[in-house]
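Hello,

Here is the structure I promised to pass on. My notes follow below it.

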Amino acid sequence: MKKLPVSIQTFKKITEGGYVYADKTKYVYDLARDEGAYFLSRPRRFGKSLLLSTFEALFSGAPDPDGPPQGLFADLWIGRELDYDFRQKYPVITLNMNLNSRTPNDLENALKDMLQTIVETHSLKITGSSPGGMLDNLITKLYKKHGTGVVVLIDEYDSPVSDNIDNFDLAETNSVILKNFYSNLKSCDKYLRFVFVTGVTRCAFMGLSAGLNHLADLTIDAKHAGICGFTRQELEDCFSDLLPELLRRMQDVGNMPHGATLEDMWREIGLWYDGYSWDGKTRLYNPYSLINLFLGDSFEPFWMNLDPSAKMLSEILANDPLAVTRDRFKDISTEEIGLAEVGSLGPVPALFQTGMLTIDKITYAANRSKLFTLRLPNEEVTPKFYAKFSSRLNEYFKTSPKSKKIDFYGIIKDKNAADLSILINSIFGSIP
């Protein structure tokens with residue numbers, strides 16, 4: 001039986017170690033065979049880091065000259081595509097932006113240290129006093145040294161901003177540092193073979209698109225809707241051998257009835273962890289929760305326990321505690337679904353991008369522009385979402401009874417029946 005990759009996000013470790021792996025190499029092949037620069041937004045723990053590690057392994061070339069030319073990919077979909085040259089190597093720069101960003105100086109120093117480590121790995125000497133200048137010089141020298149285009153892979157590009165979303169000044173300052181840093185990717189375009197950037201928020205976040213607006217955004221591109229997460233077929237391919245044992249463990253502890261069948265288990269797994277979609281058609285299971293499910297003996301909100309959108313929800317409720325209950329999750333434009341600015345963070349983009357909401361269906365307006373209908377994805381998310389929202393709403397009423405945002409006492413004093421009706425409906429709308 002395959003082993004379960006708990007907290008393993010390195011493609012080489014997974015393939016060599018015999019761990020469960022949902023074969024996403026068709027997507028990798030389609031993107032990697034041509035020069036390009038791409039961006040992908042997905043929630044935390046949804047497989048972005050493993051995807052980047054797969055690109056890194058592919059562009060680094062076959063590790064064993066005496067082994068099969070496909071190297072680590074010999075048993076995967078891409079290994080059967082004979083038109084891909086697996087022995088072609090490219091210099092790869094991998095940047096994990098989950099850095100110390102508690103102050104702007106911390107962020108700048110962390111960027112410099114990360115780049116310096118890469119420089120030493122390639123036995124280079126570079127110039128440049130700023131992180132952006134160092135990156136520019138590193139790309140240029142790698143291109144000249146190897147005579148091939150450079151591959152740049154950036155994971156969690158928005159982390160220094162989104163991790164500080166509750167501190168507007170720091171988030172804004174960090175965004176300026178990152179924008180100046182990322183702008184070098186555009187200026188070095190002639191030296192680049194491939195660029196792939198991932199994060200939670202989309203490129204509009206805090207003006208970072210000024211440094212990354214040359215990237216093709218794959219976030220809601222139907223062709224790449226299944227690039228992260230498990231489809232039902234992938235779920236069955238990866239976990240069918242493990243399902244009977246999981247069912248037995250659950251029956252032993254009373255979490256599933258003794259008469260339950262394997263099909264009952266598939267159905268329950270779907271209710272809990274299926275339902276994510278980025279095109280309104282392809283339905284995906286949460287990979288983090290699935291792996292933890294098969295390690296245990298009960299259905300738990302594994303991913304929700306990570307509190308993936310705690311800061312964003314806090315920011316929303318601080319600005320407008322009734323924002324979510326008032327907001328209509330249908331007929332949302334492409335611009336609205338992608339907008340995320342610190343200081344004016346709306347509930348729709350924040351909850352969608354963090355995985356609390358997902359695309360239910362896509363329709364088209366009279367001018368043929370896309371309109372999105374969103375919904376809560378599954379039983380893992382729904383109860384904790386409402387519990388979190390309701391508790392914070394109750395806390396708000398206790399601590400801010402005279403707030404101008406919800407002037408409850410003012411409504412009663414003025415005998416304003418219309419506003420009172422809106423308020424009561426909004427409160428009941430937050431109850432599951």
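**What was found**

The chain has 19 helices and 8 strands. Both are DSSP runs, numbered from the N terminus: helices are H or I with at least four residues, strands are E with at least two. This is a predicted model, where local features need pLDDT of at least 70, side-chain atom pairs count only at pLDDT 80 or more, and totals for chains, interfaces and linings use all residues. Residues are numbered from 1 along each chain as its sequence is written, and side-chain values use heavy atoms, with hydrogens and water left out.

**Overall**

Of the 432 residues, 52% count as buried. Buried means under 20% relative accessible area, exposed over 50%, and partly exposed in between (1.4 Å probe, protein chains only). Take the contacts between residues at least 6 apart in sequence: 70% of them join residues at least 24 apart. Contact means heavy atoms within 4.5 Å.

**Cores**

The largest nonpolar core has 38 residues. Such a core is a set of buried Ala, Val, Leu, Ile, Met, Phe, Trp, Tyr and Cys residues joined through side-chain atoms within 4.5 Å. Ile-93, Leu-95, Met-97, Ile-139, Val-152 and Ile-154 have the most contacts inside it. Elements that each supply at least two residues include strand E2 (92-96), helix H5 (131-146) and strand E3 (150-155). Helix H4 gives the most, with 7 residues. A second, separate core has 31 residues, among them Tyr-29, Ile-78, Val-151 and Phe-194.

Back to Ile-139. Leaving aside neighbours within four places in sequence, Ile-139 touches Ile-93, Val-150, Val-152, Leu-185, Cys-188, Tyr-191 and Leu-192.

**Helix H11 and its partners**

The axes of H10 (residues 243-253) and H11 come within 10 Å and cross at roughly 85 degrees. Axes are lines fitted to C-alpha atoms, for helices over the stretch in contact, and angles run from 0 to 180 degrees between N-to-C directions. H10 and H11 are therefore roughly perpendicular. Angles of 65 to 115 degrees count as that, under 35 as roughly parallel, over 145 as roughly antiparallel, and the rest as oblique. H10 contributes Leu-243, Pro-244, Leu-246, Leu-247 and Met-250; H11 contributes Leu-262, Met-265, Trp-266 and Ile-269.

H9 (residues 232-239) packs against H11 (residues 262-273) at about 130 degrees, with axes 13 Å apart. H9 and H11 are therefore oblique to each other. Arg-232, Leu-235 and Glu-236 of H9 meet Glu-263, Trp-266 and Ile-269 of H11.

Best wishes
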